[in-house]
Every structure is written in structure tokens, then in C-alpha cells.
Amino acid sequence: MTRGWRLDYSLAGAQFLIAGFHFAAIAPISPNLELEWGLQPIEMGLLASVLFYAYGAMQIPAGLLADLLGSRRMLTLSGLLVAVGAGLFGVATDFVVALIGRLLLGIGTGMVFTGGVRHIASVTVGRPKAGERFTLFLGPFAGLNYLGMALGSWPLTFVVGVVGWRAPLLAM
């Protein structure tokens, strides 16, 4: 196994959690956004879906980038894009800035899954029972992603009711 693989694995796991959170977070904050910016349902739909469009569009380029950059650089780049996108969305003063933030979130989250899976493959290949080890390492990523989605649902609704929508999105 490569040196520092545990740190890389932890970084990828954290990114899976954060990605799941942002996948789900738009629904609990949508009433706040509608009030603050006067958004119509079609604008809310676009704001919610642009992350997924960008995520889907990144799947083939992400695979090529992962092979070109390697897992560690890929995870670093995806983390930076997610951080910039989340930050931009969290401080957005209007719909267009929020849309750009969600677009960057989609690009970044589209890369983290590929980078994380490539990392697992790189530390399990050639080892005894590589297939079983791959599955063992991938399972926690899926669990963290779903935990992020769970945190981005009713717990976020509660937190938004107490502190508003910007602070939790910026914190995550």
C-alpha cells in the first residue's frame, strides 16, 4: 500500500459525506431561498438540478482526470471545487451566484467519487483477495454519502430554523 493511504482514504470519506449533504440540502433551505430572492418554482428546480447535471457531465472527464492526475491530486482538486462552490453558494446574494456555486459543487462532487474509487483500487490491486478488500473499502464511502444525505434532510431543517440557511451550508 502506498504511504499516506489512510489520510487519502479519510479525505475521500469526508468528501463523500459532504457531497451527500449538498445533494440533499436544497430542499430544506428552499423556503428560505424563495423568500430571500423571490424565486419561482422553475428557478428552484434549476438551482436544485444544476448540481446533478454537472455531476453527471463530469463522470467521463473525471475518469480521465483521475488517471492523468492520480487519486491524491484528484481528491485535492475535487475538494477545492466543492469548497469554492459551497462557499460561493453560502455567500450568494442572488440566484445567479447561487447557481454558479451549485454548478461548481456538481463538478467537484462528480470528481470525488471517481477519485475515491480510484484510490481504493490503487491500494487494493495486487493484494490477496483484492475484490473483497475493494468492496470492504468502498462500503464506508457509500455509508458516509448516505449519512451526508440524512444530515442534509430533517436535521438541516431544524438547524436552519435556529441559525438560518447560510451558516450550516458554509460550515459543511
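Visitor: Let me start with one residue. Is His 22 buried or exposed, and why?

Guide: Buried means under 20% relative accessible area. His 22 has 1% relative accessibility, so it counts as buried. Keep in mind that this is a predicted model.

Visitor: Where does His 22 sit, and which residues does it touch?

Guide: His 22 belongs to helix α1, residues 5-24. Leaving aside residues up to four places away in sequence, it touches Leu 51, Ala 86, Arg 102, Leu 105, Leu 169 and Met 172. His 22 and Val 50 are 28 residues apart in sequence, and their C-alpha atoms are 12 Å apart in space.

Visitor: Ala 86 is on that list. How many residues does helix α5 have, and what does it reach from end to end?

Guide: Helix α5 covers residues 71-91, which is 21 residues. From first C-alpha to last it reaches 30 Å, close to the 30 Å expected at 1.5 Å a residue.

Visitor: Which residues of α5 are buried?

Guide: They are Ser 71, Met 74, Leu 75, Ser 78, Gly 79, Val 82, Gly 85, Ala 86, Phe 89 and Gly 90. Now look down the axis of α5. These buried residues fall within an arc of 135°, so they line one face of the helix.

Visitor: What does the face turned away from the buried side carry?

Guide: It carries the exposed residues Arg 73 and Leu 80. Exposed means over 50% relative accessible area.

Visitor: And what covers the buried residues of α5?

Guide: The cover includes α1, α2 (26-37), α3 (41-57), α4 (59-69), α6 (95-124) and α9 (166-171).

Visitor: Zoom out. How many helices and strands does the protein have?

Guide: It has 9 helices and 0 strands. Its radius of gyration is 17 Å, close to the 16 Å that the globule rule gives for 172 residues, so the protein is as compact as a globular protein of that length. The C-alpha trace spans about 55 × 30 × 20 Å along its principal axes.

Visitor: How do I read burial and contacts for the whole chain?

Guide: Take burial as a share of residues: 42% of the 172 residues are buried. For contacts, look at sequence separation. Among contacts with a separation of 6 or more, 79% join residues 24 or more positions apart. Then take the surface. The protein exposes about 8600 Å², and carbon and sulfur atoms supply 72% of it.

Visitor: What about aromatic pairs? How many are there?

Guide: Rings pair if their centres lie within 6.5 Å. The count comes to 10 aromatic pairs. Take Tyr 9 and Phe 141: their ring centres are 4.8 Å apart and their planes are at 25°, so the pair is stacked. Tyr 9 lies in helix α1 and Phe 141 in helix α7 (residues 130-151), so the pair ties together parts that are 132 residues apart in sequence. Tyr 9 counts as buried at 18% relative accessibility. Phe 141 counts as buried at 0%.

Visitor: How are the rings of Trp 37 and Trp 165 arranged?

Guide: Their centres are 5.8 Å apart and their planes are at 85°, so the pair is edge-to-face. This pair links distant parts of the chain, 128 residues apart: Trp 37 is in helix α2, and Trp 165 is in the loop between α8 (154-163) and α9. Trp 37 is buried at 16% relative accessibility. Trp 165 is buried too, with a relative accessible area of 4%.

Visitor: Which residues do ring pairs link into a cluster?

Guide: Tyr 9, Phe 16, Phe 23, Phe 52, Tyr 55, Phe 113, Phe 137 and Phe 141.

Terms used
Residues are numbered from 1 along each chain as its sequence is written. This is a predicted model: local features need pLDDT of at least 70, side-chain atom pairs count only at pLDDT 80 or more; totals for chains, interfaces and linings use all residues. Side-chain values use heavy atoms; hydrogens and water are left out. Helices (H or I, at least four residues) and strands (E, at least two) are DSSP runs, numbered from the N terminus. Buried means under 20% relative accessible area, exposed over 50%, partly exposed in between (1.4 Å probe, protein chains only). Contact means heavy atoms within 4.5 Å. The expected span of a helix is 1.5 Å times one less than its number of residues. The arc is that of the directions from the helix axis to the C-beta atoms. The radius of gyration is taken over C-alpha atoms; the globule rule is 2.2 Å times the number of residues to the power 0.38. Accessible areas come from the Shrake-Rupley method with a 1.4 Å probe; for residues, only the protein chains shown count as cover. Rings of Phe, Tyr and Trp (its six-membered ring) pair if their centres lie within 6.5 Å; planes under 30 degrees apart count as stacked, over 60 as edge-to-face and the rest as tilted.
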